[in-house]
Each structure stands twice: as structure tokens, then as C-alpha cells.
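Please read the points below beside the model.

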Amino acid sequence: MEDHRIRVLEPPEGLPAKNMPVLAPLLDRNTVTIGTTALATGMLVVLGVVIAVSGGYGIAVPSALLVFMTPVSLIFGYSAVAGSSSMRKLIGKPFRLVNGLDGALVAGARVSVPLDGRWLVVRFPAPLRTQLAAQRRLWVLGRFVVLPGVVVPRRGVFRDKPVKGSAPFAFEPVSPGRMLATQRRLLSAYYFLGVAILLVASAFGFWTSADFPQRDSIVVGATRVLGYGCAAGAVGYVIVALLLLRKLPEPRWTELAVVSGPASVNFFGMVTVKGRTVLPDGREVTVQAGGSDPSLAANIAATGRLWVLGVPSAGKVAKAGVPGHAVFGPVKFGR
């Protein structure tokens, strides 16, 4: 089935953005979660400074707190102010549909879109960039954009000129297999990033164990165990990352009709939905979606359709998404 025949969640044209399912509660929850994380990590930075000044705890402990928590606090704090909370102020206005993307340019991950005499420059990860190249369609609200089927907005910036070194952003059709491979490569990159973080944490663990002045303290043994645990976790992440890079055959999608209530946003900012469906073998089962991609549950609730990779089975977890769109995540079928 071709992409243009697949129903997906999109902003309501001409209506305030707050009418888009789950968008407002998702922004609210993300603002609280990100802000709380920024505050908590900021307090740990202060603790690191206090420990460093007071002495008696060695160099490794305050160094670990400062090296790890300072960038985390800054990044999350900026995201809360410039991201979710900033867009939350705009949702009383409608999204604007930009179709065709005539004159759009691309330089690496950044796409420059001509808009009202200026250039809206947005950084897209590879799956979203691949989808955009095939569909030539996006929704704009201020400096924020969303793609069809994708509920998480991307923040852009308006410039007088496009990104230096840009080339024409050409139309490029995408097969379901290529879209899935692009998504798996991005996930693999995240795992490799996790490997680097775990290795640094492991090094700090061993350093703290060797550096802590009070040798009979539980900190010495606990940080040594932490060092070994992080190293083992890094090995596991490497294996998963490499498995994600395997070439897979062209995926086969199974379309299911789902009867569900509206999608909801839980305490952790995950978008979830529960409903019932009929499997290809005729069994009626429950189905639940809610994982790393909030767009999956939002699409199921909005369209009443579920696309599963392969043939789903009762009592199993399956990988699902929307063909031709950067939407992927797990779903759980009941018995």
C-alpha cells in the first residue's frame, strides 16, 4: 500500500494546535519532567562543588558530579525553556501547512525551507529527513514544525539566508524497508552513544574506588561494582548496536483495525493507548501501545489503525509503526 493512502495523525487545519490529540498534555508533561530533571541535576552540581570545597572525599567524587551533571542540567534547562514551554505558548494558534517544499535546501541534517521571505532552518534526524524528502509536507507553528504522523515537534530557527553549503532538497521516494533501516541506524547510533557514556561512568567508578580517602567506606566497594557494571552494560550495548545494523529483508506489514479510547500521557511523558483488535487468525485480543515513540500510540488512537511488522500473535510483543513514516515502537497483544 502506498503512503498517501495511509491515514495518519496530523494537526487540524485551521483550528488551534491544542486541538491536536495529546499535543497539549505531552508538552505540559515534558515541561515538568525536563524542568524537574534540570533542577535535580543542578542540585547535584552544587553538591559536587560543596564536596570539592569541603575536602575529605577525594577528587573523583566531585569531578564525576561536575563532569556528568553540569552538561545534563544545562541541556535540560535549555530544552525546557526553549522547547516545550516555548511551544506551549503558541498552541492557541493553528498550524500552517507547507506543501511541496519548493526551493527547499539541505545541508547535512539541516533543512532550509523558504517561508515568508526568510528561511526556516530545522535539524532533522535521518528518519524524519527521509520522510520529508518523500512526502514534501510539513506543518509549521512559529518556529516549530511537525511532520505527518509525528506528534513530537522539532524546533527550528528563522534566518535571512539558508545554511551555507546547502544543496537542493530533492524529492526521493522511500520504501518501507529503507525507512526501517534508517530508523534502526539512528537507534544504533543512540546505543553507541550509550556505550561512550557507560565507559566514562565505568572509568569514574574505578577512579572513585581507588581515590576515595576512607578505604573502609562502603563507597569503595560500591563504586568498584558500579565500574564493572557499567563496563558490562557497555558490552551489551555494543552487541545490540551491531545487531541493529544488520540488513533485513523488505518488511511485511499487517494492518489491523483497533477500537480504543483516546491516547493519554502518563507521569513519565509516555503516550499510551489501550484497545481491542482482531488478529489475522480471527482471535479478538487486547492491544496496548506505549514506548519510546509517542507518535505510535497517538496514531493508533486517532486513526483506529495499527500496522505491525510481520504477522502478530496473541500474548506477544510486536514491532509496529506507520509505513513510510518515521513512527516505530512496540505493541503488546493480550491473549
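1. In this predicted model, the lining of the second largest cavity comprises, by class, 6 nonpolar, 2 polar and 1 charged residues. The residues concerned are V258, S260, V273, K274, G275, V287, A289, I300 and L306. Three strands, β9 (253–260), β11 (271–278) and β12 (284–289), are the elements that give two or more residues to this lining. The greatest contribution comes from β11, with 3 residues. The space in this second largest cavity amounts to about 30 Å³.

2. How many cavities of 30 Å³ or more does a search of the whole structure find? The search finds 2. The volume of the largest cavity is about 70 Å³.

3. The largest cavity is lined by I6, R7, V8, L296, N299, I300, T303, R305, L306, W307, G321 and V322. Sorted by class, these lining residues are 7 nonpolar, 3 polar and 2 charged. The student may wish to locate I300 and L306 in both linings: they belong to that of the largest cavity and also to that of the second largest cavity.

4. Which element gives the most to the lining of the largest cavity? It is α6, which supplies 4 residues. Both α6 (294–303) and β13 (305–309) contribute at least two residues each to this lining.

5. A separate topic is strand β5, residues 137–141. This strand is largely enclosed by the rest of the structure, because 4 of its 5 residues are buried. A residue is called buried here when its relative accessible area is under 20%.

6. Strand β5 pairs with strand β1 (residues 96–99); the two run antiparallel and are joined by 4 bridges. Within this pair, L138 of β5 stands opposite V98.

7. Strand β5 also pairs with strand β6 (residues 144–146), again in the antiparallel sense, over 3 bridges. Here V140 has V145 in β6 as its bridge partner.

8. What lies between the strands in the hairpin of β5 and β6? There are 2 residues between them, and in this hairpin G142 adopts a positive phi near 65 degrees.

9. In summary, β5 has antiparallel bridges to β1 and to β6, and 4 of its 5 residues are buried.

Conventions: Residues are numbered from 1 along each chain as its sequence is written. This is a predicted model: local features need pLDDT of at least 70, side-chain atom pairs count only at pLDDT 80 or more; totals for chains, interfaces and linings use all residues. Side-chain values use heavy atoms; hydrogens and water are left out. On a 1 Å grid over the protein atoms alone, a cavity is a set of points where a 1.4 Å probe fits but cannot get out, and a pocket is an open set with protein on both sides within 12 Å along at least five of seven lines; lining residues have an atom within 4 Å of a point. Grid points are joined across faces, edges and corners, and a volume is the space filled by probe spheres set on the points. Ala, Val, Leu, Ile, Met, Phe, Trp, Tyr, Cys and Pro count as nonpolar, Asp, Glu, Lys and Arg as charged, and the others, Gly among them, as polar. Buried means under 20% relative accessible area, exposed over 50%, partly exposed in between (1.4 Å probe, protein chains only). Two strands pair if DSSP finds at least two bridges between them.
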